[in-house]
Amino acid sequence: MLPLRLILAMLLLLACAARAGEPELLEPEKAFRFSARLLAPDRLEVRYEIAPGYYMYREKFRFGAEPASVTLDGSQLPPGKIKKDEFFGDVQIYRGDMRFVLPLRMTGEPVPRFTLNATSQGCADIGVCYPPQEQKAEITRTGFSTAAPVAGLSPFLQPATGAAPRGKPQSEDTLIAELFKGSFWTLVASFFGFGLLLALTPCVFPMIPILSGILVPHGEHLTHARGFALSLAYVLGMAITYAFAGVAAGLLGTLLSSALQNPWVLSGFAVVFVLLALSMFGFYELQLPSALQSRLAVTTNKLHGGHFASVFVMGALSALIVGPCVAAPLAGALLYIGQSGDGVLGGAALFAMALGMGVPLLAVGASAGALLPKAGPWMETVKRFFGMVLLGVAIYLVSPLLPAVVPMLAWAALLIVFAVYLHALDPLPHGAPGYRKLFKGVGVISLLAGVALLIGVLSGSRDLLQPLSGLRGAAAPAAQPVLFQRVSDLSQLEGAIARAAGKPVMLDFYADWCVTCKEMEAFTFTDPAVRKRLDGMVTLQADVTANLDAHKALLKRYALFGPPGIVFFDRQGNEIKGLRVIGFQPADKFAAILDLVLN
Amino acid sequence: MLFAGAVYLFYQWQAGARPLDPVAVGQIVLAASFAGLDDQPQPLEQWRGKVLVVNFWATWCAPCREEIPGFIKFQDQYGARGVQFVGLAIDGKERVGPYAREIGINYPVLLGGLQSMDFARQVGNSRGVLPFTVVIDRKGSVVTTKIGVLRPEKLESLLKPLL
């Protein structure tokens, strides 16, 4: 999981670095999406959906109506966030989804419809401002219907072009949100790259035996072209399944990703993984129910080139098998696709991602199976290795749900059993080949790690990284932990920021299962240079181990998938953009970031 | 690596999709004319032959105000060597005048009004945002256009070769 997070971060960095040349800016009507509707005969609601990374000035709003017999009172706008302006002093700004309710009065003859003229002005965080824009909406008074903005009335409004993703404005701007400001194809290309990276993870491994099962029966007759075509059918089947998931995510919004965080769903996936692992160890042969198999065979035999159809179906089913493994990074991707609310975009993005994941499989196919060494006893070793990996994934999936001791014991057991499979305890025969020696070495390391973990957990340690720290006794000088003030929901956080009284604030997202968080605590926060800087700040910590709704809301507020994540706020309590720390940071780098926060 | 390459190519391709002819755009800029703070029309043509830096700005634009002190310094430093800054304000005269006096703008400030954002779009400001700066060389062709704040170090590296 951690490497996956890292990969995702790298991917985003790449995407951002690539666009460093010229700022990517939204058209003003997309940056500040305007609409209005009548709530009651005497109340008008004006709404601005301000894209992440953009803001509007409170004092720049002007509302008027035509004919003049309709008067609007725009003087009672809600207070905004304070922004320092070296020339005008403190100004108030708005971000996110803003709705203003304006009192409406009519004098003289009531009119059935009128035109709302709204003037506004806003800027983007990257350091540009849009000129004041005037937007109009036709308001019909019968039935209080919603009015769509009338485009093209202001010289600054260009007609909308393309199907840019519609960003929900609740989330603050992040690197990831930046990604979604790009065009449709940028996004699809990024997801393809993401898929390529996923192909490097063990998630794709279960597919290789399946694909080899498809290719091997062809034996010597398998040509490169046919191998490629077969694997292409397989990959397409997989990709289309993902595309469906993407469409669903786009349409369902964030429902799907929160489902992926559900303990029952996680447990279910873990069980599937254990079952898969057991089949890898040869306890049983994994195949479709024979009834279904024979029906498939009958159907595919009827069809010309029917073999491709069954391969295609195999691909679709494989996607379901691999799905849970990529669930964690997928959840992040789906979360953002969900925010776009765009089914086509979601489908295309995940289709591209699956194609990326399928590239190694296509390579295997095009090589006509040459990249797959011939079946033999070595295959059993590989299968057992995959079995181990699958069990590891199962432990990883459920570890957030269980007390720390259970996953630790499970990891210890897994490492020791793995060592046994690698013949760590068997004597090497005389003149053993090099790979046997390598395996034995790896096995012994695994055995020692497993034993250390087991001793550690039995002696009371609950730290996966330092299982034996409990045995050090009093001799080891325990570094003073940073005193974090705990916050567990948004209102506590806002209160704590308000009480910070001119000090910068650091908000650290933590969970018991988050290895990076523990590394940060053990190596970075204890560093004297870091400590010195932290003393000048208010340090808050949100422990989201329990994954309550309030925790999810906190994470969502900062558009994080989960810990690790450190967010900084300046002395005015505004988040400092672009200074987030996601993932492990060594003390010197972290201290440099703290210097930026303090100044 | 493959992905980075793909992204790079994609951006190259995108950037190439809207080429601007530096000579033609330079002509558009030099043909324009705006009122000065004294209401007299000021054709930009009068600065042909100089290294001309046209900066679109407004008092309501915080990032614009951030970069102007740097421009004042550059005008001081390089004015004698043929650099001419011109500020084109998308703003009302009643705000521009006092602001220019207060911070001591030492180069001509013209009043563009909101209409001049169309002009800005013509010369490469696709989103019509501020600040926006166009640098024109002595021959009258556009050397660079910049959306957003132009940092002093970047400006220096742009101007030095043109002197």
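The following dialogue explains how to read several features of this predicted model.

User: Which conventions apply to numbering and confidence?

Analyst: Residues are numbered from 1 along each chain as its sequence is written, and chains are lettered from A and ligands numbered from 1 in the order in which they are written. Because the model is predicted, local features need pLDDT of at least 70 and side-chain atom pairs count only at pLDDT 80 or more, while totals for chains, interfaces and linings use all residues.

User: How is the packing of α4(A) and α12(A) described?

Analyst: Two packed helices are described by the angle between their axes and the distance between the axes. Helices (H or I, at least four residues) and strands (E, at least two) are DSSP runs, numbered from the N terminus. Axes are lines fitted to C-alpha atoms, for helices over the stretch in contact, and angles run from 0 to 180 degrees between N-to-C directions. Here α4(A) (residues 184-198) and α12(A) (residues 343-366) pack at about 35°, with axes 6 Å apart.

User: Which residues of α4(A) and α12(A) meet?

Analyst: Contact requires C-beta atoms, placed from the backbone, within 7 Å. Among the residues of α4(A) are Phe184(A), Leu187(A) and Phe191(A), and among those of α12(A) are Leu345(A), Ala348(A) and Met353(A). The contact holds 18 nonpolar residues, 3 polar and no charged (Ala, Val, Leu, Ile, Met, Phe, Trp, Tyr, Cys and Pro count as nonpolar, Asp, Glu, Lys and Arg as charged, and the others, Gly among them, as polar).

User: Is Ile395(A) buried or exposed?

Analyst: A residue is buried if 20 or more other C-beta atoms lie within 10 Å of its own, exposed if 12 or fewer, and partly exposed in between. Ile395(A) belongs to helix α13(A) (residues 377-398), and it counts as buried because it has 21 C-beta neighbours inside 10 Å. Not counting residues up to four places away in sequence, Ile395(A) touches Pro407(A), Ala410(A), Trp411(A) and Leu414(A).

User: Which residues of α15(A) are buried?

Analyst: In α15(A), Gly443(A), Ser446(A), Gly450(A), Leu453(A), Gly456(A) and Val457(A) are buried; their cover includes α14(A) (405-421). Gly460(A), which follows α15(A), has a positive phi, near 100°.

User: What is the strand order of the sheet in chain B?

Analyst: Two strands pair if DSSP finds at least two bridges between them. The open sheet of 7 strands has the order β2-β1-β5-β4-β3-β6-β7 (chain B), with mixed pairing. Strands β2 (41-43) and β7 (142-147) of chain B stand at the edges with a single partner strand each, so one side of each lacks a neighbour in the sheet. Strand β1(B) (residues 33-36) runs antiparallel to β2(B), joined by 3 bridges.

Notes
Two residues are in contact if their C-beta atoms, placed from the backbone, lie within 7 Å.
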